[in-house]
Each structure stands twice: as structure tokens, then as C-alpha cells.
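Let's take a walk through this fold together. Have the sequence and the model open side by side, and we'll go from the overall layout down to a few residues.

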Amino acid sequence: MLVNRLGIYVYFKQNKFIRQLKRHGHLIYVNKSKKYVLLYIDESDLDKTLRDLGKLKFVTDIVLSEYPNIKREYHTEDKEKEDYRLI
């Protein structure tokens, strides 16, 4: 059974807090210069995790990933005829 997961970008104040953020989800990516991590969490745990992360003093911002809102179906139209038209 597949579980729907969401990506969360968590911005923090110092790099020493990366280890503590691992507890809240599956750590995918860390950018130490811009001080953010990408965590994947289950959709069912979203509210609880956002509430817990919001209470932490070292977290400056939390952004949900826009990937579920991106259109992933494309129409395959034949544009080749328009490319070779006579002008």
C-alpha cells in the first residue's frame, strides 16, 4: 500500500539543528549555506508535524512543496506541420 507523502521545506537558524529535524520526517536534502532542509512526511501526519515544527525556536519558516499542484499531463499535438509551412 502506497502512502501519500508531502515535501516540506524547513528553514532554520543554525546548522547544528539538522540532527533534531530528522525526527520529524524523512530527511532528503540539506542546504547548509541557505540553512534549509527538505523533509518528506505522510499526509496523515501533516497537521501534527507542522504544529510541532512551528513550536521549535530554531525554525524560522516552513514552506509546503508545490509539487502536488503542478500539472503533469501534457497534450501531444502535432506541431511539425506548422513548423514547415510556407511563408
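Helices (H or I, at least four residues) and strands (E, at least two) are DSSP runs here, numbered from the N terminus. With that in hand, read along the sequence and you get the pattern β-α-β-β-α-β-α, which comes to three helices and four strands. Keep in mind that this is a predicted model, where local features need pLDDT of at least 70, side-chain atom pairs count only at pLDDT 80 or more, and totals for chains, interfaces and linings use all residues. Residues are numbered from 1 along each chain as its sequence is written, and side-chain values use heavy atoms, with hydrogens and water left out.

Now for the sheet. Strands of a sheet pair through backbone hydrogen bonds, either parallel or antiparallel. Two strands count as paired if DSSP finds at least two bridges between them. Here the four strands make an open sheet in the order β2-β3-β1-β4, with antiparallel pairing. At the edges sit β2 (26–31) and β4 (59–64), each pairing on one side only. On average, neighbouring strands of this sheet are turned by 25° against each other, direction ignored; the axes behind such angles are lines fitted to C-alpha atoms (for helices, over the stretch in contact), and angles run from 0 to 180 degrees between N-to-C directions.

What packs on this sheet? Helix α2 (residues 46–55) does, touching β1 (5–12), β3 and β4, where contact means heavy atoms within 4.5 Å. The direction of α2 makes about 160° with that of β4.

Let's zoom in on β2 and its partner. Five bridges join β2 to β3 (residues 36–42), and the two run antiparallel. They form a hairpin with four residues between them, and Lys-35 in the turn has a positive phi of about 60°. Among the bridge pairs, Leu-27 goes with Leu-39 in β3, and His-26 with Tyr-40.

Finally, the whole chain. Of its 87 residues, 22% count as buried. Among contacts between residues at least 6 apart in sequence, 64% join residues at least 24 apart. The accessible surface comes to about 7500 Å², with 49% belonging to carbon and sulfur atoms; these areas come from the Shrake-Rupley method with a 1.4 Å probe, and for residues, only the protein chains shown count as cover.

Terms used. Buried means under 20% relative accessible area, exposed over 50%, partly exposed in between (1.4 Å probe, protein chains only).
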